[in-house]
Structure formats: structure tokens, C-alpha cells
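Q: Please take a close look at a single part of the structure below and describe its surroundings.

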Amino acid sequence: MAEIQRVLLVRPLAGERWRSISSYAASLEDMLREAGIAVDTVAAPWFNPASMVEAARAGWARQPQLRLAREGVYDVVHLTDQALAHHAPRFSVRTPVLVTCHDLMPFTTPGYYEGRIERLVKCAFLRRSRAALKSADTVAAVSEFTRGELVRELGFTCQSIPLVPNVIRPAFRPTPRSHAEAALSAAGIALPSAPRILSVGNDRAYKNLPALFDAVARPGLSHASVVRVGPQLSGTALRRAVQGGY
């Protein structure tokens, strides 16, 4: 295989929903540049009406990187999330396309969506991207679990899917407790005294908050405090979690 010298990273349009994938793309960009590889980036829409309208307003299809990709200027086009896989045919005629698959949870995980209507609508939009994974030259999985889902759900073989775990960004590194406490204090954040258990993310069923609250209620952890990062739990959601009602 020829040495890779120039890569186009396709990241999602900016927005709250895509914060984690945007961070992943930014980390990849930094790592590739450190390795001496030239990197261009372009923002692309998810396949749903709101995203497509936003993309049209932003003039995304006129970005010069897209023309260069169609002309075969890049060695690889990397679609940084499986929900962007429907763009693979746009590039694959002239350039090898890599898609990173983080998960297939919308299709495989009970409780990923809050209701049947939401699931039907959003899965309908995601189905095209899911099917388009087959048109990529390579699909990489971020975990063994995700690789297993690709094998079970889409008929890939384990041998065809490289395993490339997510990187830990440089900002996430061990810090002396005194420095961390000082940073929290400087930011005006007052937390209960240690020990603390960090809970990150939303309150949907697949996060299994009842298991967390059940663990904290046991004698071994009864002295610990749960620190939440993410959307604030509503009163209803909190009661459901505590009661195991998800």
C-alpha cells in the first residue's frame, strides 16, 4: 500500500448532538499532523431534513475540499462517524474511503430512543447511512463490541474490520488532587467531599442509571456522592432511576 500523505477528514456539521464526534475528529486531525500527514477537513450533514437544510444554507457542497476529493487529490477520505457513511459513494470512485463506526446502538439497544415514534423516524433516516457502510473501502470499529455488532447486523467479517480504539485527548491526563480541587474552586464549582463517582451523559434507559443508584445505595458506597456531567436530571427521570423504573 502506498504511503499516505494527504487525508480528508469528514466531520459532522457543528452542533450539540455531534460534540463527541467533533472532538474525535479534532483528535484525529492533531495526531495525523503530528505524524507528518497533511490534513484537510470538511463538515458534512447527517441524512435528515434539518441537517440537510442547515448544510444547504452553509453551502457545504461548494467546499473546495469536496472537489479535490472527487479529483482524487487525497490518499484517503475518512468519514469520522457511521451516520455520515451515506457520503461514501460521493468519494469512492477516485479515493479510498474509511468510515469509523462507533456503534449501531440506534438499531440494537433497547431504550436508545424514548418512544416508538422517535425510534421509527430516526432509524428511518439512519438506515441509509447504515446500508452505505458496505460501500466504504474500509470500516473501522472503535471496540470489539462494535465490531461484533457489525458482524452480526451487517454481515461483515471480523478480519475485514480493523479495531482502532478511540484516543484519549491530551487534556485528559492524571492531575494531582490538589491541582484538580484548586481548578474546581477557581471555576466556582463546589463538590461534596470525596469519595465521588462521576456519571457522564444523558438519562436515557441505555445509560442504566438504576444500576448506578443501586450500587451507591449499598453499604460499601453509601458514603460516596454521585457527580453528574450532562443534562440535568428531571424530577421524573430521577424518580424513575432511583426506583429502577427505566
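This is a predicted model: local features need pLDDT of at least 70, side-chain atom pairs count only at pLDDT 80 or more; totals for chains, interfaces and linings use all residues.

A: Residues are numbered from 1 along each chain as its sequence is written, and side-chain values use heavy atoms, with hydrogens and water left out.

Strand β1 is largely enclosed by the rest of the structure, because five of its seven residues are buried. Buried means under 20% relative accessible area, exposed means over 50%, and partly exposed lies in between, with a 1.4 Å probe and protein chains only. Strands are DSSP runs of E with at least two residues, and helices are runs of H or I with at least four, numbered from the N terminus.

β1 has strand partners, where pairing requires that DSSP finds at least two bridges between two strands. With strand β2 (residues 38–44), β1 pairs in the parallel sense over seven bridges; there, Leu9 stands opposite Thr41. With strand β3 (residues 76–79), β1 also pairs in the parallel sense, over four bridges, and Leu8 stands opposite Val77 of β3.

Leu120 belongs to helix α6 (residues 116–132) and counts as partly exposed, because its relative accessibility is 46%.
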